[in-house]
Amino acid sequence: RRLLEATDRIDPGVLLDEVLRQAHEKFRAVIPCDRTGFALVDESGETLCTRWVKTAAPEARLGVGYSTPLHGSRLQQVMESGEPRIIHDLPAYLQKHPDSKSTPLLIAEGMRSSLTCPLAAAGKPIGFLFFSSMVADAYGAAHVDALRAISAQFAALIVKGRLYELVVRAQLDSERLLRNVLPGPIMKRLKAGEQTIADGIPAATVVFVDIVNFVKLSATMSPTAMVIVLNRIFSAFDALCEKYGVEKIKTIGDAYMLATGVPDPLRDHVSVAAKIALDMQELGKRLGTREDRSLRFRIGIHTGPVVAGVIGTRKFSYDLWGDTVNIASRMETMGAPGRIHV
């Protein structure tokens, strides 16, 4: 009864480690043990991993421990039988089965007996629940019956914890992808349900960068080499944007566009844009030496009001519009190689 109540109180709407932590705290109050452990079968169904381990000692160990093949092991036999297994004397068991991986670890921690309960959900094996004691013969038939009664319910909790982890991981991946194409504040507004995002920004600085004679340069390179060079240049530009905390807007062919003062106002947006432009010119010299070819940039800068917003429904794009953008583009087009036109 107490085990069933303990299982009922475990919150399934949390990450798997928290499900296991709660199980450890609640089961220890009912089943005698100095150490509890959980080992779960991986997605292939062939490898067993100690996903979470907790001991009563101060040096509690959490996370992933050792992993071992399940196929052909004694634990597979326990899994196939579906019945909990008691080892009354761990040192004696190790003498009979010297190839055991887990038993020496238990003995090294002072354990003398153990109780292993296989877990299965919807007929599919998912792992094991382990109890160990520093006392020999600590477990009997009553403990086996108790674990047999709650094993299906606890296995269902583990499955829910795993599913919740997958949902959280997918959400984080989705946010990471969105963050790669949208500024953080804009992403939050989209997630909050804002349908149309369009902001009038009274003062921002737009920077356009173009690689001089890149069309001629690319004619001498293979497609792969051309993409590698562009990726190195634009990745270095991305790093500069991250360094100064400003937004890359987009790339257009071999041109790169960034803006300072968007989406959030920036008091010194002009000087920040100037610093980035100067750094880019220095970068061109260094990359040109590394690539063993002439790499010069033509940079144009203009300051003024812009309209900023998100367009698209399946592929989002954060972009800028207005005369400020057009003039910055013309500053770059009409500029001189290796110079910054303001």
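User: How many salt bridges does the count come to?

Analyst: This is a predicted model, in which local features need pLDDT of at least 70 and side-chain atom pairs count only at pLDDT 80 or more, while totals for chains, interfaces and linings use all residues. Residues are numbered from 1 along each chain as its sequence is written, and side-chain values use heavy atoms, with hydrogens and water left out. A salt bridge is a side-chain nitrogen of Lys or Arg within 4 Å of a carboxyl oxygen of Asp or Glu. By this rule the count comes to 12 salt bridges.

User: Which residue meets Arg 148 in a salt bridge, N to O at 2.5 Å?

Analyst: Side chains of opposite charge can pair when their charged atoms come close. Helices (H or I, at least four residues) and strands (E, at least two) are DSSP runs, numbered from the N terminus. Arg 148 lies in helix H6, and its partner sits 65 residues away in the loop between helix H3 (74-81) and strand E4 (85-87). The partner is Glu 83.

User: Are Arg 148 and Glu 83 buried, partly exposed or exposed?

Analyst: Buried means under 20% relative accessible area, exposed over 50%, and partly exposed in between (1.4 Å probe, protein chains only). The relative accessible area is 37% for Arg 148 and 35% for Glu 83. Arg 148 is therefore partly exposed, and Glu 83 is also partly exposed.

User: Which residues are linked with Arg 148 in a network of salt bridges?

Analyst: Glu 83 has already been named as a partner of Arg 148. The network of salt bridges that holds both of them also includes an Asp. Together with Arg 148, the linked residues are Glu 83 and Asp 145.

User: How far apart are the closest N and O atoms of Asp 210 and Arg 298?

Analyst: Asp 210 is in strand E7 (residues 198-211) and Arg 298 in strand E10 (residues 297-311), so that the pair links parts of the chain 88 residues apart. Asp 210 is buried at 13% relative accessible area, and Arg 298 is buried at 17%. In their salt bridge the closest N and O atoms are 3.1 Å apart.

User: How many aromatic pairs does a search of the whole structure find?

Analyst: Rings of Phe, Tyr and Trp (its six-membered ring) pair if their centres lie within 6.5 Å; planes under 30 degrees apart count as stacked, over 60 as edge-to-face and the rest as tilted. The search of the whole structure finds eight aromatic pairs.

User: Why is the pair of Phe 38 and Phe 154 called tilted?

Analyst: Phe 38 lies in strand E1 (residues 35-41) and Phe 154 in helix H6 (residues 141-181), so the pair ties together parts that are 116 residues apart in sequence. Both residues are buried. The ring centres are 6.0 Å apart, and the pair is tilted because the planes stand at 45°.

User: Where does H6 bend by about 45°?

Analyst: The bend at a residue is the angle between axes fitted to the seven residues ending there and the seven starting there. Among the buried residues of H6 are Leu 147, Ile 150, Ser 151 and Phe 154. The bend of about 45° is at Ser 151.

User: Which bond joins Val 262 and Pro 263?

Analyst: Pro 263 is placed in the loop between strand E9 (255-260) and helix H10 (269-291). Omega is about -5° where Val 262 and Pro 263 meet. They are joined by a cis peptide bond.

User: What is the phi of Ala 122?

Analyst: Ala 122 lies in the loop between strand E5 (113-121) and strand E6 (124-133). Ala 122 is exposed, with a relative accessible area of 89%. Although Ala 122 is not a glycine, its phi is positive, at about 55°.
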